[in-house]
Amino acid sequence: MSKEVVPDNSCARAEQWLPDYWQDELRSGDRAWLEQHLQTCAECAELAAFWRELGQLPEAEPDPRQRRRFDAMLTAYEATPSRLAWTQAWRMWLRPLPLGLALVLLLAGLGGGWWLHGLGHSAQGQASEIAELREEVQDTRQLVVLSMLQQQSANDRLAGVSYSNRLGPLDPQIMQALLHSLQYDPSPDVRLAALDALQHAGGGGEAAPAVTRGLLEAFPYQNSPLVQVALVDSLLELRPPAARALLQKVSTDHAYSPEVRQRAEWGLTHWQ
Amino acid sequence: MLGAPLQAGNGKTEGLLPLCLPGGCGSRSRRAAHGPQVIIQPESITDDVLMSRVRDGDVQALAPLFDRHHAALLNFYLRTTGNRASSEDLVQDVFVRILKYRRTYRPGSRFLTWMYHIARHARVDYLRKRHGEIEWDDAYAAPVLPSDPAESAQHRLWLALALRRLPDDKREVLVLSRFQGLRYEAIAQLLNCEPGAVKVRVHRAMRELREYFHQIAKGQIANEEKP
Amino acid sequence: MGPNMKTRIIKVYWLTLMLSLAVVPVLVRGQTTSEQSADHNRVVVRLSHPSQPARIRLQMLVGHIRVQGYNGNEVIIEGAGKHTHASGVPEEARGMRRLTQPGGLGADEDNNVVTIHTGFEPENIDLLVPASSAVSLKTLTGNLHVQGVLGELDLESTNGAITLDQVGGSIVAHALNGSITANVVRLDADKPFSFSTLNGRIDVTLPAGMHATLNVRSDQGDVYLDQGFDFKSPAPSSSTSKSESNGMLKLRMDKTIRGTINGGGVEINIRSFNGNILIHKGK
């Protein structure tokens with residue numbers, strides 16, 4: 001700041017008034033004075049110009065999936081308020097802990113709850129409670145996966161994806177989480193693994209259309225050619241009709257790297 | 001990144017028509033067909049009324065609030081964390097928290113200030129969990145619109161880099177006032193200080209921004225001059 | 001006892017646990033000292049908890065990074081590159097002390113997490129780290145070389161090769177336009193490995209006695225596996241043909257090759273688009 005040594009009075013006043021000027025809070029008399037000053041003082045004018053220029057930074061557009069994510073959350077909240085409390089308890093208390101410790105404590109807590117639950121109940125009551133508990137354990141494992149997918153290290157997140165593979169058919173929350181990882185995980189390896197996991201689930205069953213739609217939507221947001229190639233391959237395997245138009249576009253669009261275009265083209269020639 | 005930028009900076013978000021994204025407006029009307037008979041007309045109902053309904057148990061009233069504000073919230077987080085994935089997670093987290101703390105909302109107060117209060121807390125918690133470090137997406141650090149002449153694209157890049165280089169608290173106050181459209185009084189409430197102090201902080205932040213801009217510009221130009 | 005009661009009991013359980021944990025360590029910041037010379041920078045970082053593993057992170061745009069694991073508990077960072085901030089003092093700053101680093105090389109330490117910052121200019125970085133550290137490196141243009149580190153590795157280079165020697169733990173390595181060469185001496189049982197490239201060969205040596213589950217794929221290259229491995233693949237359609245040279249079994253399929261080594265275990269994912277994949281058996 002070269003002019004710091006002897007503050008010029010009018011500049012000091014101008015600088016004091018600029019914030020108000022920027023938010024249209026100056027009285028008209030003061031504003032007139034300030035605008036006059038800005039015409040003569042290059043430095044203050046530059047500062048004012050910066051404020052204007054900031055407005056040129058582009059505004060990002062949210063993507064439609066976020067609304068669906070919100071909807072899923074809202075529906076879940078309405079359907080099972082007590083379960084959300086459990087999820088929130090998980091978030092509030094377990095996330096700060098290192099993952100291994102959290103797992104051990106979680107299982108211990110669950111075991112404790114199970115034991116307390118078992119005190120003094122009839123046989124039929126127990127059967128239905130065991131069924132309920134089994135469902136809760138399944139939920140717990142899913143919560144574990146969701147937590148692992150948010151870990152800071154790529155190795156942990158990769159472990160999370162791998163673990164989700166072992167859970168059997170994907171539940172919608174895990175599928176959303178994997179789609180999210182596919183799109184946004186900073187590590188290309190985690191994204192590849194997520195795609196692999198989704199494809200296993202999408203291979204058959206009811207999850208397939210949702211997975212397919214997710215893959216189609218994820219495509220434009222990918223910027224790693226390796227993951228794009230893998231996506232092209234997945235779409236070629238799943239063969240949703242919408243993929244054909246997408247692949248045609250990809251094969252001719254030079255924004256995509258040659259390997260991706262090549263793959264799309266190859267796929268199209270084999271598409272009967 | 002694409003599309004016309006929103007007119008930021010004049011503090012008015014109520015009354016703005018919600019952006020109708022594919023799958024967005026459609027699903028809302030679908031819900032109105034099955035749900036309760038009150039048909040919510042987003043354009044005419046204020047945030048305060050909607051949030052009061054949420055507070056009283058009509059959880060679906062949160063949806064138009066999401067439609068109205070999630071884009072601005074996303075941009076708030078993008079500008080203060082620079083990471084798209086984290087920002088999207090944070091936006092979702094804010095609405096979870098709004099649900100969780102809905103009973104603490106005071107009907108008649110400004111929803112926007114309350115929401116940013118929650119948003120700031122969410123970000124602090126998120127940072128704490130990640131030991132204060134969120135990876136800046138390289139793509140976001142260099143916003144370039146395809147129609148730019150080369151020089152203004154470069155200016156914009158430097159500006160974005162300078163903004164990124166500001167310390168957290170200065171950058172935040174700048175983003176809240178310049179982009180999120182909050183008045184100084186509202187920001188003062190959020191930061192628990194006097195509006196005068198906010199103005200001073202804004203002013204200092206702008207000066208520092210200019211300083212960094214020039215440093216970056218000098219550094220880049222010197223770089224280019226080397227053989 | 002309904003679900004609410006159970007939740008409440010578990011909540012109390014957690015609360016007591018959290019309270020007891022809350023008494024535990026206040027953050028102790030480690031110390032960073034640094035030296036500067038005309039075109040060379042050196043930063044030494046002492047850890048808050050020297051007996052525990054460090055987590056080291058470095059992201060840069062342009063430059064090679066070399067990491068060497070050693071038997072100490074400090075992290076030593078050396079940077080060498082041309083800096084546009086001249087080492088001379090400008091007129092207006094005569095008589096003042098410079099607080100910023102030339103070129104911007106510096107590091108923060110917080111609870112054993114060391115984050116290294118570099119400036120905007122290209123710089124080659126050498127790191128000397130405790131062998132048990134977890135290291136995360138990311139560069140746009142530059143080679144990554146890691147030797148003797150047994151902690152978690154998370155490496156990414158967009159334009160450059162990744163070479164790893166005497167490493168172990170869990171490795172995630174991605175070289176978009178570059179090759180990956182790795183000599184892995186140890187595997188962590190619970191975390192998967194992943195190596196991926198678009199254009200580049202992947203050449204890994206894995207421990208002979210390991211128990212692993214392989215998922216390997218090269219779209220336009222070939223996959224070679226050391227015949228010394230006890231490899232079993234469930235897919236009936238795998239076409240295998242013995243290749244005469246090197247005693248390696250050549251597998252070529254359109255889809256991902258999945259199989260187990262020594263019965264299965266650690267998940268190892270290897271993927272390339274244009275490169276050959278070679279999996280050697282180490283000691």
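These legends describe close-up views of a predicted model.

**View 1. Chain A is built from helices.** Chain A has 14 helices and zero strands. Read along the sequence, its pattern is α-α-α-α-α-α-α-α-α-α-α-α-α-α. Chain A has 272 residues, of which 33% count as buried. Take the contacts in chain A between residues at least 6 apart in sequence: 55% of them join residues at least 24 apart.

**View 2. Confidence in chain A, with two stretches under 50.** The mean pLDDT of chain A is 74. Of its residues, 68% reach 70 or more. Residues 1-7 of chain A stay under 50. For residues 1-7 of chain A, the model has two contacts beyond four places in sequence. Residues 118-124 of chain A also have pLDDT below 50. Beyond near neighbours in sequence, residues 118-124 of chain A have two contacts in the model.

**View 3. Ser181(A) in helix α9 of chain A.** Ser181(A) lies in helix α9 of chain A, which spans residues 172-184. Ser181(A) has 25 other C-beta atoms within 10 Å and is buried; the cut-off for a buried residue is 20 or more. Leaving out residues up to four places away in sequence, Ser181(A) touches Leu149(A), Val161(A), Val190(A), Arg191(A) and Ala194(A). Val161(A) is 20 residues from Ser181(A) in sequence. In space the two are 9.0 Å apart, C-alpha to C-alpha.

**View 4. The largest nonpolar core, with residues of chains A and C.** This core has 99 residues. Those with the most contacts inside the core are Leu178(A), Ala194(A), Leu198(A), Leu231(A), Val135(C), Leu153(C) and Ala173(C). Ala194(A) is also one of the residues that Ser181(A) touches. Leu153(C) is in contact with Val135(C), Val146(C), Val167(C), Gly169(C), Ile171(C), Val172(C) and Ala173(C), leaving aside neighbours within four places in sequence. A second, separate core has 49 residues, including Ala71(B), Leu90(B), Leu182(B) and Leu209(B). In soluble globular proteins, nonpolar side chains tend to be buried together.

**View 5. The open sheet of chain C.** The sheet has eleven strands and mixed pairing. Their order is β6-β7-β3-β9-β11-β13-β15-β23-β17-β22-β19. At the edges stand β6 (106-110) and β19 (231-232) of chain C. Each has a single partner strand, so one side of each is left without a neighbour in the sheet. Strands β15 (residues 193-197) and β23 (residues 266-272) of chain C run parallel and are joined by five bridges. Thr197(C) stands opposite Ser272(C) in β23(C).

**View 6. A helix of chain A on the sheet of chain C.** Helix α8 of chain A, residues 154-165, packs on the sheet. The helix touches β11 (153-159), β13 (171-177), β15 and β23 of chain C. The direction of the helix makes about 100 degrees with that of β13(C).

**View 7. Two asparagines in the loop between β6 and β7 of chain C.** Asn111(C) lies in the loop between β6 and β7 (113-117) of chain C. Asn112(C) also has its place in the loop between β6 and β7. Most residues other than glycine have a negative phi. Asn111(C) has a positive phi of about 55 degrees, although it is not a glycine. Asn112(C) has a positive phi too, near 75 degrees. Are these asparagines buried or exposed? Asn111(C) has 17 C-beta neighbours inside 10 Å and counts as partly exposed. Asn112(C) has 20 other C-beta atoms within 10 Å and is buried.

View 8. Chain B has ten helices and zero strands. From the N terminus on, its elements run α-α-α-α-α-α-α-α-α-α. Of its 227 residues, 33% count as buried. Among contacts in chain B with a separation of 6 or more, 69% come from residues 24 or more positions apart. Helix α9 of chain B covers residues 184-191. Here Tyr184(B), Ala186(B) and Ile187(B) are buried. Seen down the axis of α9(B), the buried residues fall within an arc of 155 degrees, so they line one face of the helix. Asn192(B) follows α9(B), with a positive phi near 60 degrees.

Conventions. Residues are numbered from 1 along each chain as its sequence is written. Chains are lettered from A and ligands numbered from 1 in the order in which they are written. This is a predicted model: local features need pLDDT of at least 70, side-chain atom pairs count only at pLDDT 80 or more; totals for chains, interfaces and linings use all residues. A nonpolar core is a set of buried Ala, Val, Leu, Ile, Met, Phe, Trp, Tyr and Cys residues joined through C-beta atoms within 7 Å. A residue is buried if 20 or more other C-beta atoms lie within 10 Å of its own, exposed if 12 or fewer, and partly exposed in between; C-beta atoms are placed from the backbone. Two residues are in contact if their C-beta atoms, placed from the backbone, lie within 7 Å. Helices (H or I, at least four residues) and strands (E, at least two) are DSSP runs, numbered from the N terminus. The arc is that of the directions from the helix axis to the C-beta atoms. Two strands pair if DSSP finds at least two bridges between them. Axes are lines fitted to C-alpha atoms, for helices over the stretch in contact, and angles run from 0 to 180 degrees between N-to-C directions. pLDDT is the predictor's confidence in each residue, from 0 to 100.
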